[in-house]
Amino acid sequence: MNISEQWLREWVSPSLTTEALAHQITMAGLEVDSIEPVAGDFSGVIVAEIISAEPHPDADKLRVCKVSTGSETVQIVCGAPNARVGLKAPLASIGAVLPGNFKIKKAKLRGVESQGMLCAEQELGLSDESDGLMELAADAPVGTDIRDYLQLDDTIIEVDLTPNRADCLSVRGIAREVGLLNDMPVKVQSYEKLVPSIDDTFPVELVAGDHCPRYVGRIIKGIDVSLPSPLWMQEKLRRSGVRSIDAVVDVTNYVLLEMGQPMHAFDYAKLQGGIVVRTAKSGEKLELLDGQTIELQSDNLLIADHSGPIALAGIMGGQSTAVSAHTTDIFLESAFFTPVMLAGKARAYGLHTDASHRYERGVDFELQCEAIERASQLLVDIVGGEAGPLHEVVSETHLPVLADVVLRAARIEKMLGFQLEAKEVERILSGLGLGVTVTDEGWSCSVPSWRFDIAIEADLLEELARVYGYNRLPVSHIHADLVIPAQPETELSPRYLRRHLSARGYREAITYSFIEPGLQQVFDPEISPVPVSNPISADMAVMRTSLIPGLVTAVLRNTNRQQPRVRLFETGLRFVPGPDGSGTKGLKQTPTLAIVATGQRYTENWAMDKAAADFYDLKGDLEGLMSLTRNPASFEFRASQRTALHPGQTASIYHDGEEVGYIGTLHPTVIADLGLNAPVYVCEVELAVMLNGNLPAFSELSKFPEVRRDLAVIVDKSVASAELMSNVRSAAGSYLTDLRLFDVYEGKGIDPKRKSLALGLTFRDQSRTLSDEDVNLAVEQVIDLLDKNYNAELRN
């Protein structure tokens, strides 16, 4: 944001040089990027008036002008297209020095003597480009030094504000900061509220009151748009980087820069029925002031009348109701739009306006009436007219509520490292606009409507440190009893899991903790996610309830960039509304491991086949991780169904009988909707169970041989192999050391409703060689169990 130093000093003027003032602002957290003079280094330039302009006898594009300097008349040869009789413009007389040390001397142009040079803005360093002479006001005093007339001994201070300091996107906001830093009062610019001279009002309806809780309007009739803005206003706008257009637009821009409240003026004659603040309907279009016609989305907030959209709320007005040279009556608008609603909306259409820049960050929700009164007073003074009464419509239930913040005196010393006197604390807090009440422990502070960024005690501590001066904070050594915490041997390090996955060809990803609401609903439609208070954009508006959406988005980004084989994993938090672990309502934040895979099973290699990866590849990788806990038997996979996953290729993951995650294949419809072109396999499991391992324990190797028996049994297709194998282990007895499912067969020779499972049972004892009788007895017990529980048949 650019701000004129002269304009700032009208509000508060500390005894500091420009450089010292800029340094002070920077040290307070409002970084100054640059300090530039408003004009180039020149001298000898005065206000002059052209009293005659004749064609040059030997050049079609030149004019020979007689110019009055106030004390004499001189002849100037000029090639500017706007050189005309009566025009007042800057004149660099003989002996003047222009920027770049360019000295003006008497010269002849095509044989005609020229006693100086009429100047454009670019030649005086006032602008980067110009298309003719700089046109001064008709009442500009001829003969006056142009530097004095335009007050060009000024500097432009460019301040780079962080997004949380929207309260400083105005001269008033910067002045508040400078006044507090220098313990000086801020001179509030005085103006009188207009007494309505007409009774006309225009109806306003807040259909989207949750997105626009306050809307203020006023009708002003009988204005003269042809009257120019005063020079002082044009110069303040120019020095702030805003081009002067006409008096009505200049006034709304001026109030925006002065107070921080965006405004808009409609041509009242072009409005129909009344103002309706609502969201867009499907298929609606709007032609903006810049000539661009946009197709509106359902989440766009609009200002409409009874004929349709007339403005993109908080971003830009529409061409259909724009103020023109023929406008005589206007409807002046000042509103509060919620930052969440407008976040990212301008960028979606390739726009970035002064209004959207402020609304996205937060505008003072109590400023609208004051701003419209200020603008009304300026308009009536400049272009005349009769003003109607203010018409304010408010949705009280949707206005922001800023809770009081408690500051404990003990926390100041603990967090800032030194004691700050209570008197100084109260001075700083009061200077910030907070209402301060002394309590037993410290202070209770009511937050002003312009400070959206103050919500917790740490915010107040930051303000104290910032205003007191980061460079003044004492430097002290940290003293602490450093105790090395015990590291349980059963607890695995997340780094161990990462190394294991990396060795299997996976790459670690880090995705945002906030995602697009629609994407969240695809994967977890039964969960209402936690909304982000001030999202970066609409695509990052809710906290993730799963890590899978972010990883799937990363897969899509990679496959769109010719990466057909993608293996990614991530460890991070899921944010699910519900009990926080203490039995109370809150937010459950669960550390989670998520893995995704798509593409070929192996990287491209002449020795490897090109088969695509499948569900069991990911399951095998996950089982490899489970083996690191030294207790893989505590995990179990059970067939299940889950939203967004293929119903026939999904399993829930259990640990000691408790569900801790899931694994599966993305549903084909989800794959198509997301724009993916190959199956994607995903799994998500609580990180805690993957890090909780068993201590390694030595067991003596048996000196005796093992005995293996294979069984092929026919069971119903609905029988889960994991459940069957669990029962086999129980029935086989203590001699069973290993159980494997080594074949599953369905087809010829088998009932279509049944399947064949081939089990390999390995028996061994630590103290003796097992006899056939021992092994046969165990096998018979297994066969009896299978027959009884599963109606199993032995397959020959």
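1. The note starts with an open sheet of four strands, whose order is S37-S38-S36-S39 and whose pairing is antiparallel; two strands pair if DSSP finds at least two bridges between them. Strands (E, at least two residues) and helices (H or I, at least four) are DSSP runs, numbered from the N terminus. At the edges are strand S37 (736-745) and strand S39 (793-794), each of which pairs on one side only.

2. This is a predicted model, in which local features need pLDDT of at least 70 and side-chain atom pairs count only at pLDDT 80 or more, while totals for chains, interfaces and linings use all residues. Residues are numbered from 1 along each chain as its sequence is written, and side-chain values use heavy atoms, with hydrogens and water left out.

3. Within the sheet, strand S36 (residues 707-716) and strand S38 (residues 754-763) run antiparallel and are joined by ten bridges. Leu-711 stands opposite Leu-759 in S38. H20 packs on this sheet, where it touches S36, S37 and S38, and its direction makes about 145 degrees with that of S37. H21 lies across S36, S38 and S39 and runs at about 10 degrees to S36.

4. Leaving aside neighbours within four places in sequence, Thr-762 is in contact with Glu-706, Val-707, Arg-708, Tyr-735, Leu-736, Thr-737 and Asp-738, where contact means heavy atoms within 4.5 Å.

5. Helix H20 (residues 721-732) and helix H21 (residues 772-790) pack with their axes 8 Å apart and at an angle of about 140 degrees; axes are lines fitted to C-alpha atoms, for helices over the stretch in contact, and angles run from 0 to 180 degrees between N-to-C directions. H20 and H21 are therefore oblique to each other, given that angles under 35 degrees count as roughly parallel, over 145 as roughly antiparallel, 65 to 115 as roughly perpendicular and the rest as oblique. Among the residues making the contact are Leu-724 and Val-728 of H20 and Val-782 and Leu-785 of H21.

6. Elsewhere, helix H6 (residues 247-259) and helix H10 (residues 368-383) pack at an angle of about 140 degrees, with their axes 10 Å apart. Residues of H6 including Val-251 and Tyr-254 meet residues of H10 including Arg-374 and Leu-378.
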